[in-house]
Amino acid sequence: MLTRTVVAAALAAAGVAAVPSSAYAASAAYTPERICGPGFHRVQDGHRAMTTRDGAVFGHVYLMYSKSAGKNCVAAIKSAYAGAKTVTGAYLEVKGGGRSEDVQRYQYFAETGHLNGSWKCVKYAGWTRDPDNRVEAWGGRKSWGNCRG
């Protein structure tokens with residue numbers, strides 16, 4: 001108890017908050033399951049960090065699938081600059097099927113919508129930029145995968 005009190009006092013004296021920022025708390029409320037909707041689940045090999053050329057992680061992109069609906073969805077969720085409107089995008093392509101892309105200035109995430117993809121291979125990506133629109137972080141898979149429905 002004394003240790004926690006001393007640490008909390010030291011953090012307060014240094015001006016460091018011991019609770020997450022409101023932007024972080026808001027972005028943490030977004031999961032790919034909530035973004036894509038009921039029945040969607042994360043698929044194997046369907047998660048990538050969105051990284052800059054220097055290796056900084058600005059967020060994560062998730063490929064989601066609903067077996068009952070036979071549909072895919074991609075959610076790109078920001079971790080850097082959460083709460084600030086920055087260019088953020090999500091992309092999904094179904095082999096022999098459709099393509100969906102969502103790119104705007106978002107505060108927390110971008111989402112492709114739902115595309116038919118049962119037993120079809122897919123490519124997916126997500127990206128976001130810094131507020132000055134100078135640095136981009138990208139993640140995804142450029143080759144076809146997740147072909148087994």
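A disulfide here is a pair of cysteine sulfur atoms within 2.5 Å. With that in hand, welcome to a predicted model in which the count comes to 2 disulfides. One of them, the link of Cys-121 and Cys-147, is right-handed, with 115° about the S-S bond.

**The disulfide of Cys-121 and Cys-147**

- The sulfur atoms of Cys-121 and Cys-147 sit 2.0 Å apart.
- Cys-121 is found in the loop between β7 (115-116) and β8, while Cys-147 belongs to the segment after β9 (136-145), so this pair ties together parts that are 26 residues apart in sequence.
- Cys-121 has a relative accessible area of 15%, so it is buried, given that buried means under 20%.
- Cys-147 has 31% relative accessibility and therefore counts as partly exposed, the class between 20% and 50%.

**The disulfide of Cys-36 and Cys-73**

- Here the sulfur atoms of Cys-36 and Cys-73 are 2.1 Å apart.
- The torsion about this S-S bond is about -80°, which means that the disulfide of Cys-36 and Cys-73 is left-handed.
- Because Cys-36 lies in helix α3 (residues 32-36) and Cys-73 in strand β3, the pair ties together parts that are 37 residues apart in sequence.
- Both Cys-36 and Cys-73 are buried.
- Counting bonded cysteines along the chain, the disulfides of the protein follow the pattern 1-2, 3-4.

**The nonpolar cores**

- The largest nonpolar core has 15 residues, and the members touching the most others are Val-61, Leu-63, Val-74 and Leu-92.
- At least two residues of this core come from each of β2 (57-66), β3 (71-78), β4 (86-94) and β8 (122-129).
- Another core, of 8 residues, lies apart from it and includes Cys-36, Phe-40, Tyr-62 and Cys-73.

- Asn-72 has its place in strand β3.
- With a relative accessible area of 4%, Asn-72 is buried, because the cut-off is under 20%.
- Again leaving aside neighbours within four places in sequence, Asn-72 is in contact with residues including Phe-40, Leu-63, Met-64, Tyr-65, Leu-92, Val-94, His-114 and Val-122.

Definitions and conventions:
Residues are numbered from 1 along each chain as its sequence is written. This is a predicted model: local features need pLDDT of at least 70, side-chain atom pairs count only at pLDDT 80 or more; totals for chains, interfaces and linings use all residues. Side-chain values use heavy atoms; hydrogens and water are left out. A nonpolar core is a set of buried Ala, Val, Leu, Ile, Met, Phe, Trp, Tyr and Cys residues joined through side-chain atoms within 4.5 Å. Buried means under 20% relative accessible area, exposed over 50%, partly exposed in between (1.4 Å probe, protein chains only). Helices (H or I, at least four residues) and strands (E, at least two) are DSSP runs, numbered from the N terminus. Contact means heavy atoms within 4.5 Å.
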